[in-house]
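Welcome, and please open your viewer. Could you walk me through this structure, stop by stop, telling me what to select and what I will find there?

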Amino acid sequence: MESGFGSDFGGSGGGKLDPGLIMEQVKVQIAVANAQELLQRMTDKCFRKCIGKPGGSLDNSEQKCIAMCMDRYMDAWNTVSRAYNSRLQRERANM
Amino acid sequence: RRKESKRACPGRKGAELGEADEAELQRLVAAEQQKAQFTAQVHHFMELCWDKCVAKPGNRLDSQTENCLSSCVDRFVDTALAITSRFAQVVQKGGQ
């Protein structure tokens, strides 16, 4: 995972820097940060929904719940994303 | 003599951006920032709306849940707008 996230900004030690290459790496880093955020929040929400009194291990029903919860979280994410995007467009149209 | 452009990365010897490239980079970065702001806001909505709208996760989101999530976003925005406008009034009246 190291090579993509290093400090090489697309220059070649004395040559011209390329905005395209810089942006490629910026986008990757943003995507990684977003994925980490998503997983952290998803874990939190699904733990709350699926694990009642914590036992000695995750039983079958808890594991199934977690799997479903992850899928529903992504579904909800998409719904919320669409709703927000629509609202932003509506607000811009009214300006 | 061409004007020296700012270094993209202070301390990194040798590599520089031309002025046009730097302007282009600023544009691209601004676009990514806007996208990141959108994403951050969606995370925030999820924080609030998941608890309000989703009971126990099932095989799919039913239409009631979907509507709740959409409404949640809209009502939050309405709330933010209402607060902003009322706050402006309050401030205008001298904090009375």
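The tour below goes from whole chains to single residues; keep in mind that this is a predicted model.

**Stop 1: chain A**

You will find two helices and zero strands. Of its 95 residues, 26% count as buried. Among the contacts in chain A with a separation of 6 or more, 31% join residues 24 or more positions apart.

**Stop 2: chain B**

Next, select chain B. This chain has two helices and zero strands. It has 96 residues, and 26% of them count as buried. Its surface exposes about 6,900 Å², with carbon and sulfur atoms supplying 53%. For chain B, residues 24 or more positions apart account for 22% of the contacts with a separation of 6 or more.

**Stop 3: helix α1 of chain A**

Select residues 19-50 of chain A, which form helix α1. This helix has 32 residues and reaches 45 Å from its first C-alpha to its last, close to the 46 Å expected at 1.5 Å a residue.

Now colour the buried residues of α1(A), including I22(A), M23(A), L38(A), M42(A) and C46(A). What do the buried residues of α1(A) pack against? Show α2 (60-94) of chain A and α1 (19-53) of chain B, and you will see their packing partners.

**Stop 4: where the chains meet**

Show both chains together and select the residues in contact across the two chains: there are 41 from chain B and 39 from chain A. Between them, the chains bury about 3,700 Å², and 67% of this is on carbon and sulfur atoms. Pick out H43(B), M46(B) and W50(B), which supply 18% of the area that chain B buries against chain A, more than any other three residues.

**Stop 5: the nonpolar cores**

Select V80(A), F45(B), M46(B), W50(B) and L69(B). In the largest nonpolar core, which has 25 residues, these five touch the most other members. Which elements give two or more residues to this core? They are α1 and α2 of chain A together with α1 and α2 of chain B. The largest share, eight residues, comes from α2(A).

Centre the view on F45(B). Leaving aside its neighbours within four places in sequence, F45(B) is in contact with V80(A) and Y84(A) on chain A, and with W50(B), V73(B), F76(B) and V77(B) on chain B.

Then look for another core, which lies apart from the largest one and has five residues, among them L17(A), I22(A), M23(A) and L17(B).

**Stop 6: D74(B)**

For the last stop, select D74(B), which lies in helix α2 (residues 63-92) of chain B. Is D74(B) buried or exposed? D74(B) counts as buried because its relative accessible area is 13%, and buried means under 20%. Display its side chain and that of R87(A): the two make a polar contact at 2.8 Å. Beyond its neighbours within four places in sequence, D74(B) is in contact with R87(A) and R90(A).

Note on methods. Residues numbered from 1 in each chain as written. Chains lettered and ligands numbered in written order. Predicted model: local features only at pLDDT ≥ 70, side-chain atom pairs only at ≥ 80, totals over all residues. Heavy atoms only, no water. Helix = DSSP H or I, 4+ residues; strand = E, 2+ residues; numbered from the N terminus. Buried < 20%, exposed > 50% of the residue type's maximum accessible area, 1.4 Å probe, protein only. Polar contact = N/O pair within 3.5 Å; in protein donor to acceptor, adjacent residues only side chain to side chain. Contact = heavy atoms within 4.5 Å. Expected span 1.5 Å × (residues − 1). Areas by Shrake-Rupley, 256 points an atom, 1.4 Å probe, with all protein chains shown as cover. Core = buried A, V, L, I, M, F, W, Y, C linked by side-chain atoms within 4.5 Å. Buried area = accessible area lost by both parts, 1.4 Å probe.
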